[in-house]
Amino acid sequence: MNKTRLFSAAAAVAGLSLTVTACSGASNASEGYPAKSVTFVMPYAAGGPSDTTARAYGACLGKLLGGTFVVENLDSGAGAVAMQKLAGAKPDGYTVGLSTNGPLVLNPMSNDLAYSQDDFQALGTMAEIPTLFAVPKDSPYKSLQELFDAAKANPGKISIGVPGATSSLATELKRLQKESGIEFSMVPTSGSAELITNLLGGHIDAGFVNDYVDVEAQVKDGAIVPLAAAGEARSEAFPKVPTTKEAGYDVKTTSVYGLFAPKGLPQDVSDKLESGIETCSQDAEVISQIGDRFVPNSFSDAAATQQVFSDMRTRYEPILAK
Amino acid sequence: MDILSNLGEGFSVALDPMNLLFVLIGVVVGTAIGVLPGLGPTATIALLLPVTYTMDPTASIIMLAGIYYGSMYGGTITSVLLRLPGEAASVVTTFDGYQMTKQGRAGAALGIAAIGSFIGGTVAIIGLTFLAPVLGKIALSMGPAGFVALMVLGLFLVTSLGTGSTIKSVSMAAVGLLLSTVGQDPVNGSARFTFGQAPLLSGLDFVAVAMGLFGVAELLRSLEQTEKAQIIKTKIKNIWPSRRDLKDSAGAIGRGSALGFFIGILPGGGGVISSLASYAMEKRRAKDPSRFGKGAIEGVAGPETANNASSTTAFIPLLVLGIPSNVVLAMIFGALLMHGITPGPQLMTDHSGLFWGVIASMYIGNLMLLILNIPLVGIFIQMLRVRQGILVAFSLLIVLIGVYSINNSSFDMWVVLAFGVLGWIMSKTGFDPGPLVLAFVLGPILEKSFRQSMLISGGSLDIFVTDPAAAIIFGLILAVIAMKAITGFRRRTAGAKASTEAPVTEDASPQGTDGPDSDDPSPLLTASAVPGEPEPLPAGKQHSPTA
C-alpha cells in the first residue's frame, strides 16, 4: 500500500517535469488514450477538500488508465482563470478539470466572463460536501425553528455567517430570504476557517457552513452545535440532527465536485473517463484520502452530474442574473 | 510537570533520526526558497504536498513546518541584499536592511537578522509550549470589530514609517488602499476595477506588487549608475555584527520577541502588524530616530525578530483550535487531513505524539537554522561581488519565475513589471513604496472586517466600543495620540523658551526629514523627538514668541 503510494507520487513528480517535453506523439486521442500526461486544472488553491479530491482522483485515474494526471492549481480570479483555460483547451481529453457551483455556475452568471456553463461537459461526480446550519455552544437557539423564528421576529438582527460572498451557500441563503421573506443579516467570511473562528468567538449568531471535517471536530468538542443538515439526507456525521426539510424549511445546497472537460470530447474518451471515475469512487485509497462520507456510495454519472448543475442554474438564475 | 513530560515525549519523537532528517530537509528547503524571490513557502508547500501523502504524518508536518519558518529566515536575505521582499512581513526589513547593504554592512544586517530570528523563534516556541491552550482562546476574542481596530492601528503605524514627508506617506497609503479594492467585493461578490480581466477578480497579487515596487524598481534604478560607482557603493566593510551592533540590537530583539509572540496569535495579518509595530516601537524609542530608514540596525533586528516569533505562534490557532490562520497553515491543515488527522481541539490529546513532536522539532529546527545561516551569511554577501549587469538580469529572471509560480499566471508577470516601472517613477519623485505596499496588505482585511462589523451591528458604530478586543485596541490608539499631544505641547512650550534663549538652534534640527511637526497627522511619526534635543518646529512658529 505504502509502496504504491510512493510510486504514484514519484510518477506524479516525474510527470510534472515531462509535461512540457512529452507533447509530440499520438494526437489521435481515441486510440491509446492517454498517450501523454493529462492536465488536471483546479480552480482552488492546494490544501482544501477540492484539492484533496483532485489529487486523489488524479492519482487513481493515472494508475487506472495508465497515464499521468498532473494537478494544476489555478486559483486566481476566484477560479475563473482555471475555467477559462479549461474552456479554451482542445476537447481531446488531455485537459480536464474539477469544478463546482461557484466557478462553473454562479461566477459566470454574476460576472462578465469569457466562458459559460455551456462550454463544458460533465464526466461524473467525484465527491460531495454537504452543508449545515450551526450555532455556538451557548446560543439561545436550540433548533432551526427557533433560529428562523428569531429572524422573523427581528428582521435583519440575527447575523449568520456564510463562507464567501459568491459561494453557493450565500446564494442559497439569498434565495431563501427572497422567497420566504425571512431577513437575516448575512455576513460573508473569507472561508470556512474564518467562519468557524467567528462562531467559536460568538461574534455571529449562526453559520451556514460546509459540513466538513473541520466543523465536525468542533462539534465533537462541543464548541459548535449543528441545528440542521441542509441537504436531501441527514449528515452521516450527525445522524440525530434533522434535515432542513424535516425542520420545515426549503433551504439546501451541496458542493458537488464534478470532473469536467471542454465540450465535444470524443465519445470513447469520455466513456473511458466516466467509467474511470466510477471505478475510482470505489477505490479504498481514494475513499480514505477524501473521507468516506464525502465520496458518494452510488455513482452519479456524466448525465446525472450535468443535470445537477443545470438544475442549479435554473434555481439561481432569478437571483443572480445580470 | 505534565507539560515537561509531554515535551520530553515530543523530543523523543523529534530526535528520531528520520524526523531529524526531515527537520533538516525542511529548514534547508525553506531557506533556499526564501532566498529565491517570489517563490515563497505557499508555492513550495503546494508542490510538496503530494509527496507528503506517502510519508509518516509526523515527519511530513515537521518538514512542512520547517519549510515555513525556514523561509522566514531566507526571506530576509533578498530583502536586505536586493530589496526584494518575498512576503508582507519582510517589507519592513527592506527599509533599513537595504540601506545597510548600501553602506557595506550587509553582513551585519543578515547576521543580526539570523540571531534575532533565532531568539524570536525560540521565545515563541517556549510560549507555545507552555501557554498554547490559554492563548488559543485569546485568538477567538478577535472578531470582525477587533480586526477593524487592529487594521486601523496598522495603518496608523504605516504612515509613521516613512523617511520622507508625512503627506507623501499618507497619500501613498491611500493609493495602496485604493489598489486593494481591485477584485471581487467581499460582501456582495460583484467585480470592481477588473476591466474584464478574469485574473483581476481575485485582486492584484501582493507578491507581484511588492516585488515590482521594491525589487524591480531598484533594479531599474541601479541600471542608471555606472558600474564603478556601484562597486564602491557595495564594498563590504565587515561581515559580522560588531559588539556595538549586538548591544544596539539587544533591546530591539527582546521587544520584537514579545510583540511578535502576542500579535502572531491573531489569525490573519499578524505577521505584518507585528513587524510594523516592532519597527514603529524601535523608531519611537531611539535616541536619534532620523537614523531609521538610513541603515539603523535596530530597524532590522526588531522586525525580523517579531516576524519569526509571530510565524511560530501562528501555529497556535491551528494546533490548539484547528483554525489555520494563513494560506501556508491551511495547506499544512490539508496535509494533516490527508493522513486522516483532523486538526482541532482534540489534536493535543488524540495525537499527542504528533503535537509535541512538531513543537519539539521547532526547537531543533530553529537551532539548525542559526547554525546554517551564520556561515551562509558569508556566502550570500559574496553575491554582491557579482557584476551589477549580471546580477540585475538574473534577479529579474528569478523574480518573474517566482511571481509566475504563485498563481501559475503570466498575468502576474505583467503586474510585476508594471509596478516596477511605477516604483521607479516613485523613487524619482520621492515617494516611498513602503506605505503603499503595507496599506495594500491591510486594506482588504480592514474593508472586509468593517463591513462584517456593520452587518453584525446593523450599521451601528457602537460595536467598536462594546466589542472588548476593539475597545482595548482603539483605547491604545487614543492613548498614543493623547501622549503625543501632551509631549508635543510640552515640547512646544519648552521650545518657545529655548528659542528665546538660543535662536540659533533652528538650523541644528536633525529631524528635518521627518517634516514639520505641526502638519503631521500621525502622532507616532515625530513622537521620536527626545527632550533636550532641538525641537523640529518650523522656523516661523519658533520665532513668533520672540518677534
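**View 1. Burial and secondary structure in chain B.** Of the 547 residues of chain B in this predicted model, 59% count as buried, where a buried residue has 20 or more other C-beta atoms within 10 Å of its own, an exposed one has 12 or fewer, a partly exposed one falls in between, and the C-beta atoms are placed from the backbone. The secondary structure of chain B comes to 23 helices and two strands; helices (H or I, at least four residues) and strands (E, at least two) are DSSP runs numbered from the N terminus. Because the model is predicted, local features need pLDDT of at least 70 and side-chain atom pairs count only at pLDDT 80 or more, while totals for chains, interfaces and linings use all residues. Residues are numbered from 1 along each chain as its sequence is written, and chains are lettered from A and ligands numbered from 1 in the order in which they are written.

**View 2. The two domains of chain A.** Chain A is divided into domain 1 (9-129 + 257-320) and domain 2 (131-229), with bounds that come from an automatic or database domain assignment. Twelve residues of domain 1 of chain A are in contact with eleven residues of domain 2 of chain A, two residues being in contact if their C-beta atoms, placed from the backbone, lie within 7 Å. On the side of domain 1 of chain A that touches domain 2 of chain A, H4(A) gives the most, with five residues. The residues of this side of domain 1 divide into seven nonpolar, five polar and no charged, where Ala, Val, Leu, Ile, Met, Phe, Trp, Tyr, Cys and Pro count as nonpolar, Asp, Glu, Lys and Arg as charged, and the others, Gly among them, as polar.

**View 3. Where chain A meets chain B.** Here 54 residues of chain A are in contact with 47 residues of chain B. The largest share of the side of chain A that touches chain B, seven residues, comes from H8(A), and the residues of this side divide into 21 nonpolar, 22 polar and eleven charged.

**View 4. The largest nonpolar core.** A nonpolar core is a set of buried Ala, Val, Leu, Ile, Met, Phe, Trp, Tyr and Cys residues joined through C-beta atoms within 7 Å. Of the 265 residues in the largest such core, A:Ala134 and B:Ile332 touch the most other members. Domain 1 and domain 2 of chain A both give residues to this core, so it lies between them.
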